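Colleague: I have the chain open on my screen. Please walk me through the fold, one question at a time.

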Amino acid sequence: MSTGAGPAEKTATRTTAPDGQDAIPSESVREEYENLADLVRKYRFAYYQEDAPLVSDAEFDTLFRRLEEIEALHPELVSNDSPTQEVGGEVSAAFAAVEHLQRMYSLEDVFSLGELEAWLNRAEASIEKLGDGAAKAAWLTELKIDGLAVNLLYRDGKLVRAATRGDGTTGEDITHNVLTIKEIPQQLNGDSFPAEMEVRGEVFIPSQAFAEFNEALIEAGKAPLANPRNAAAGSLRQKDPAETAKRPLKMFVHGIGAREGLEARSQSETYALLKDWGLPVSPYFEVLERREDVLAFIKKYGDQRHKLLHEIDGIVIKVDDFATQRALGYTTRVPRWAVAYKYPPEEVHTKLLDIMVNVGRTGRVTPFGMMEPVKVAGSTVEMATLHNQDVVKAKGVKIGDIVVLRKAGDVIPEIVGPVLNLRDQQDPPVRDFVMPTECPSCGTPLAPAKEGDVDIRCPNAKSCPSQLRERVFHLAGRGAFDIEALGWEAAIALTQPAEPEVPPLTSEAALFDLTTEDLAPVKIRREKRSKGVGTGEYELVPYFYSKGTAKSPSKPTATTEKLFKELEKAKAQPLWRVLVALSIRHVGPRASRALAQAFGTMDAIRAASEEDLAHVDGVGPTIAAALKEWFAEDWHREIVDRWAAAGVRMEDERDESMPRTLEGLTVVVTGSLPNFSRDEAKEAILLRGGKAAGSVSKNTSYLVAGESAGTKLDKAEQLGIPVLDEDGFRLLLEAGPAAFAEAAPAAADTAEAVEEDA
């Protein structure tokens with residue numbers, strides 16, 4: 001939880017006495033201040049001591065900033081027990097209290113680049129005032145890990161105690177639990193370490209490990225953990241260390257407290273020493289002298305934050321030089337030589353108004369939440385998926401709950417779980433979600449596709465309007481025909497318009513036979529607007545044609561003309577994209593590529609036996625059965641036949657000149673490559689006869705690791721699998737493993753460089 005500057009919803013009213021001094025605060029200001037202070041204490045206790053936040057970080061930041069504003073205008077209100085004067089956190093009675101040798105501070109938070117520029121200006125001005133003896137400001141810039149702050153005490157190189165930050169002076173003794181984290185050495189390497197030293201860092205759960213841990217909980221019928229930070233905090237507060245050992249905890253150290261005899265002159269020099277002694281130091285830091293480089297660092301990791309090993313909520317900028325740090329000093333709560341830039345919040349709290357269901361393209365009926373609109377990760381969100389009725393049950397959410405909503409970048413918004421401590425306060429009372437028994441779109445009775453299937457489906461694939469709409473929207477996607485002009489609203493207009501009664505498309509088979517005349521009568525229901533604001537009234541308006549007037553007759557819009565151009569262009573897409581566009585259950589891009597490569601034509605795929613299909617690498621018996629089942633339907637075959645008659649490409653031209661350098665090899669690509677997208681890398685592997693796998697196993701031949709490679713790189717190293725960077729990947733593509741083996745020394749250097757970069 002952050003405790004610094006942020007956007008405030010209202011500003012304190014400043015009243016000035018005749019002599020120019022601030023007036024005594026009014027009763028309303030005093031009352032607001034006292035209420036705010038109580039709220040902040042309450043929310044801070046729930047966050048730090050109970051690991052069960054009642055509000056999101058963003059909401060807390062807003063309240064805290066308002067408290068600071070009032071105190072700035074009326075300093076006579078500030079007391080020693082004000083939340084602004086304390087380091088966040090208290091000591092739980094469940095653990096023994098221990099006193100830190102040197103106080104642990106919070107960080108000042110800033111929430112915009114403008115606020116960061118102002119902080120840097122102040123810091124640089126203070127450094128200039130220190131005189132010629134002060135070092136030029138160099139900024140150690142690193143990721144702000146969203147975890148739990150921990151203080152490790154080493155004596156003669158041996159770990160003798162671990163404690164939470166607590167109130168900054170006194171923390172909780174969690175030594176037995178920290179000893180279960182294998183990355184934390186119980187004995188330091190070498191003999192150059194200080195006789196006594198406090199090492200500060202952050203305990204966290206890696207993002208991938210957290211997702212896998214939650215999946216296991218849901219499969220076991222248990223409620224998932226809310227987020228990695230709370231999960232890490234809760235793990236370290238387990239009374240039984242054996243329970244802590246079950247959690248995938250890691251730690252990165254990022255500072256030191258009290259030390260005896262340490263000669264390092266800077267933070268970065270200390271990091272090098274800590275690493276030599278065997279302590280886990282984050283790979284994500286740089287020492288930067290120019291302000292523009294600091295801003296570039298912030299942008300870089302803002303763009304990559306969802307590809308990193310762990311969750312982050314910002315960037316920490318510190319003065320690197322220790323002498324300058326000491327000269328700048330501290331306030332009562334934060335150091336003057338460090339600041340945390342916070343990215344926009346990706347997790348907020350909102351009210352779950354209802355749980356409804358959507359019917360997907362393969363008939364799957366998926367619950368989704370309708371929420372009070374809330375801004376998260378830069379966009380306003382009011383809907384979020386809940387996957388299936390078992391997930392709704394496992395998450396423990398009820399209609400009317402205050403829920404934790406998460407939206408990580410471009411990822412679909414997810415309801416993480418309810419804020420249970422607020423459930424009894426809801427009016428009207430919360431209620432359970434009940435899955436419908438009939439399709440809300442066509443009225444067909446719902447049922448699992450097969451016995452034991454978690455998902456409930458509508459079996460009316462041919463005539464269900466919702467399934468058709470979803471299939472049309474899907475086939476226009478980037479992974480299929482890539483028809484930009486055929487978006488969500490256009491798919492509705494083609495399959496479920498307000499007028500006419502019979503839509504232009506009653507099956508996707510007719511997609512490439514559409515004419516502009518077919519689209520002329522299509523109207524949709526749209527809300528009337530006045531000066532850009534909805535009026536609550538609706539009207540029917542043409543979708544594909546302009547409205548038209550007496551002087552200007554109705555005609556196709558530019559978007560409609562673009563649609564027909566893109567439909568014509570889509571006919572030339574390769575066979576694997578056509579297969580994806582057919583919405584065959586289980587047949588995604590990977591299987592489609594494998595099928596297109598193995599058979600070359602749609603006719604060959606249709607004629608193949610189930611056994612032949614199943615033998616294709618990347619297909620298997622489940623997909624093979626789904627293919628045969630799909631092609632057994634007359635109306636499915638009609639789609640393929642009509643598309644072929646309209647000129648859609650149903651056969652791939654094979655490039656016989658492409659060398660099959662990867663025949664029999666399995667290659668995994670992870671991280672970001674400068675000159676290959678993920679799809680381009682997979683395509684290159686498949687064209688040369690290789691298998692492009694998504695996960696590392698003992699059968700993996702090579703791992704290609706780009707920037708932010710993550711856990712796949714760790715696993716490859718554990719299994720002894722060769723690791724290549726982009727140059728090594730190109731060598732493998734061009735000449736195969738034989739030529740790569742000839743360049744073994746260079747390859748070893750490449751793998752070592754990738755490991756260091758990661």
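Colleague: How many bridges join strand β12 to strand β13?

Modeller: This is a predicted model, where local features need pLDDT of at least 70, side-chain atom pairs count only at pLDDT 80 or more, and totals for chains, interfaces and linings use all residues. Residues are numbered from 1 along each chain as its sequence is written, and side-chain values use heavy atoms, with hydrogens and water left out. Strands are DSSP runs of E, at least two residues, and helices are runs of H or I, at least four residues, both numbered from the N terminus. β12 covers residues 347-359, β13 covers residues 365-376, they run antiparallel, and the number of bridges is 7.

Colleague: Which residue takes a positive phi in the hairpin of β12 and β13?

Modeller: Asn-358 stands opposite Thr-366 in β13. The hairpin has 5 residues between the strands. One takes a positive phi near 90 degrees: Gly-363.

Colleague: Which residue in β14 stands opposite Phe-368?

Modeller: Two strands pair if DSSP finds at least two bridges between them. β13 and β14 (residues 379-385) pair in the antiparallel sense over 6 bridges. Opposite Phe-368 stands Thr-385.

Colleague: Is Arg-471 buried or exposed?

Modeller: Arg-471 lies in helix α12 (residues 465-475). Contact means heavy atoms within 4.5 Å; leaving out residues up to four places away in sequence, Arg-471 touches Arg-361, Ala-461, Lys-462, Glu-508, Ser-583 and Trp-635. The cut-offs are under 20% relative accessible area for buried, over 50% for exposed, and partly exposed in between, with a 1.4 Å probe and protein chains only. Arg-471 has a relative accessible area of 4%, so it is buried.

Colleague: How many residues of strand β8 are buried?

Modeller: β8 covers residues 250-259 and is joined antiparallel to β7 (residues 196-204) by 7 bridges. Gly-255 in β8 is the bridge partner of Arg-200. β8 is mostly covered, and of its 10 residues the buried number is 7.

Colleague: What is the volume of the largest cavity?

Modeller: A cavity is a set of points on a 1 Å grid over the protein atoms alone where a 1.4 Å probe fits but cannot get out, and lining residues have an atom within 4 Å of a point. Points are joined across faces, edges and corners, and the volume is the space filled by probe spheres set on them. Among the lining residues are Arg-305, His-306, Glu-346 and Arg-406. The volume is about 40 Å³.

Terms used. On a 1 Å grid over the protein atoms alone, a cavity is a set of points where a 1.4 Å probe fits but cannot get out, and a pocket is an open set with protein on both sides within 12 Å along at least five of seven lines; lining residues have an atom within 4 Å of a point.
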